[in-house]
Amino acid sequence: MKSYKINIRRQDFYEMVWDVVRMIPSGRVTTYGHIAEYLGTKRAARMVGYAMNASHSQPTIPAHRVVNRKGMLTGKHHFGSPDQMKKLLEAEGVQVLNDQVVGFDKLLWIPSKELL
DNA sequence: CTACTGACTCAAT
DNA sequence: GATTGAGCCAGTA
């Protein structure tokens, strides 16, 4: 694990986000806000989503495991197909109902707590 | 350089 | 409790 929280300003923001997302265990999900918080800037939740948009070049980024704080699949439309995200989640054992993660509170994976 | 936008979140009404 | 407005940072026009 790298020591973040200090170099955060812009340069490797995307890389850090990607690293965190890559660490998300299969069958678990996390939120933009938690990732941003882990990176130090809690208010950079939007940037996390922005980084996700740039993760298209990074096939190893399970962006489907990243949802908003309510567990809603807000970014599903940015996948190839709107059903892609749901499909990927279900393939990992995550139930998705009405664009929302079922049992989101249980499946929530917080980097700063789970990873430590 | 200023303005607008966005896979977000929080606070106030 | 649902809806609305403002704050936030980075990228693009």
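How do the residues of the surface near DNA strand B divide into nonpolar, polar and charged?

Author: This is a predicted model, in which local features need pLDDT of at least 70 and side-chain atom pairs count only at pLDDT 80 or more, while totals for chains, interfaces and linings use all residues. Residues are numbered from 1 along each chain as its sequence is written, chains are lettered from A and ligands numbered from 1 in the order in which they are written, and side-chain values use heavy atoms, with hydrogens and water left out.

The surface near DNA strand B divides into seven nonpolar, eight polar and two charged residues. Here Ala, Val, Leu, Ile, Met, Phe, Trp, Tyr, Cys and Pro count as nonpolar, Asp, Glu, Lys and Arg as charged, and the others, Gly among them, as polar. A residue is near the strand if one of its heavy atoms lies within 4 Å of it. In total, 17 residues surround DNA strand B, and the closest are Arg46, Met47, Arg69, Gly75 and His78.

A polar side-chain atom of Tyr32 lies 3.1 Å from a base nitrogen of DNA strand B. The backbone also takes part: an N or O atom of Gly33 lies 3.2 Å from a phosphate oxygen, and a polar backbone atom of Arg69 is 2.9 Å from a phosphate oxygen. The elements that give two or more residues to this surface are α2 and α3, and the largest share, seven residues, comes from α3. Helices (H or I, at least four residues) and strands (E, at least two) are DSSP runs, numbered from the N terminus.

Helix α2 spans residues 32-39, and in it Tyr32, Ile35, Ala36, Tyr38 and Leu39 are buried. Seen down the axis of α2, these buried residues fall within an arc of 160 degrees, so they line one face of the helix; the arc is that of the directions from the helix axis to the C-beta atoms. Buried means under 20% relative accessible area, exposed over 50%, and partly exposed in between (1.4 Å probe, protein chains only). The buried residues of α2 pack against α1 (13-23), β1 (30-31), α3 (45-54), β2 (66-67) and α6 (111-115), where contact means heavy atoms within 4.5 Å. Just after α2, Gly40 takes a positive phi of about 110 degrees.

Conventions. A polar contact is a pair of N or O atoms within 3.5 Å; within protein, one must be able to donate a hydrogen and the other to accept it, and residues adjacent in sequence count only if both atoms are side-chain atoms.
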